[in-house]
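This report describes a sheet, the helix packed on it and some backbone details. The structure is shown first.

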Amino acid sequence: MNRLPSPGRFVRYLDVAYRLQHMPGRWWITADHAVDESFVQTGRRTFTKQLGHDDVLDCYDLARLGTYRRMAVEVVGNTADEYVVTTKDPRAQAEGFERRDHRTPMEKQIAFEDAELEFTTTLTPVLMPWKLAHDWGRFTERLADALRDVTDRVFLVVHSAADPKRYVQFAASPDRLDAEAPGTDVVADASEFQLRRFDWAAPEAGQPNWTSSLRRPALTAEFVLLAQCSVGALHEAYGITGPDELRYRAWREPAGAPATGVELPALGL
């Protein structure tokens, strides 16, 4: 049997599957030859194609999940005549599985002909992460620009079109711009870990939402930071896939007068 690729994320380019590799802000695929002019030699036998937002390619996750002696397992590779199988089931040690170190699942090599091993290879299409990263990056820039126009008595709510409870909202006074994002009491599956990661302050007495704010006048970098933590809430904490799923409402509440709508074309929504 040929060597099985280990599970992970792949892209298909010119009808060939390549493992997707990435670092923060950078996505690429590699080959052992120059597939075409977009591949640049980066090593003796390594050619790399950087992926940009204009690269529209099929992207999918490969998995081989199954069972072995009533335990949930994953096939992660193979040798010449055996599958390499991992599991987190605590019963596996009694079945001959061993742990390489405390950070990895238990592992065992199982013969191809062992009928007790059953698994299915699945390919699950996923959105192109390099394009999503670009789209969110552009939206962060637009949001930072739009926040300059959220001035005294202006309110802005950016929310999911499908579920308006997934939102960030902004309220301005002459010397402050305050932002709020709901937690699990409003969005049951919100990741409060991600809200903390993006520097939102946890709710406290009298304030049920997570909060962030800046003093005005503010530097460009401060508007960018507030936009970044807001995008972190929308995308990472609430699971909104891309900016095209967002809508907004904005209005001004003059003293003693009805609220009036505010247009913020910089948002691009």
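## Sheet, helix and loops

Glu180 stands opposite Thr211 in S16. The model is predicted: local features need pLDDT of at least 70, side-chain atom pairs count only at pLDDT 80 or more, and totals for chains, interfaces and linings use all residues. Residues are numbered from 1 along each chain as its sequence is written, and side-chain values use heavy atoms, with hydrogens and water left out. Helices (H or I, at least four residues) and strands (E, at least two) are DSSP runs numbered from the N terminus.

Strand S15 (residues 176-181) runs antiparallel to S16, with 6 bridges between them. Two strands count as paired if DSSP finds at least two bridges between them. Both belong to an open sheet of 6 strands with antiparallel pairing, in the order S16-S15-S14-S13-S17-S18. S16 and strand S18 (260-261) are its edge strands, each pairing on one side only. Within the sheet, 5 bridges join the antiparallel strands S13 (residues 154-160) and S14 (residues 167-173), and Val157 stands opposite Gln169 in S14.

Helix H3 (residues 220-237) lies across S13, S14, S15, S16 and strand S17 (246-252), at about 150° to S14. Angles run from 0 to 180 degrees between N-to-C directions, with axes fitted to C-alpha atoms, for helices over the stretch in contact; contact means heavy atoms within 4.5 Å. The loop between S16 and H3 holds Pro217, and a cis peptide bond with omega of about 0° joins Arg216 to Pro217.

Two residues other than glycine have positive phi:

| Residue | Phi | Loop |
|---|---|---|
| Leu14 | about 50° | between S1 (8-13) and S2 (16-19) |
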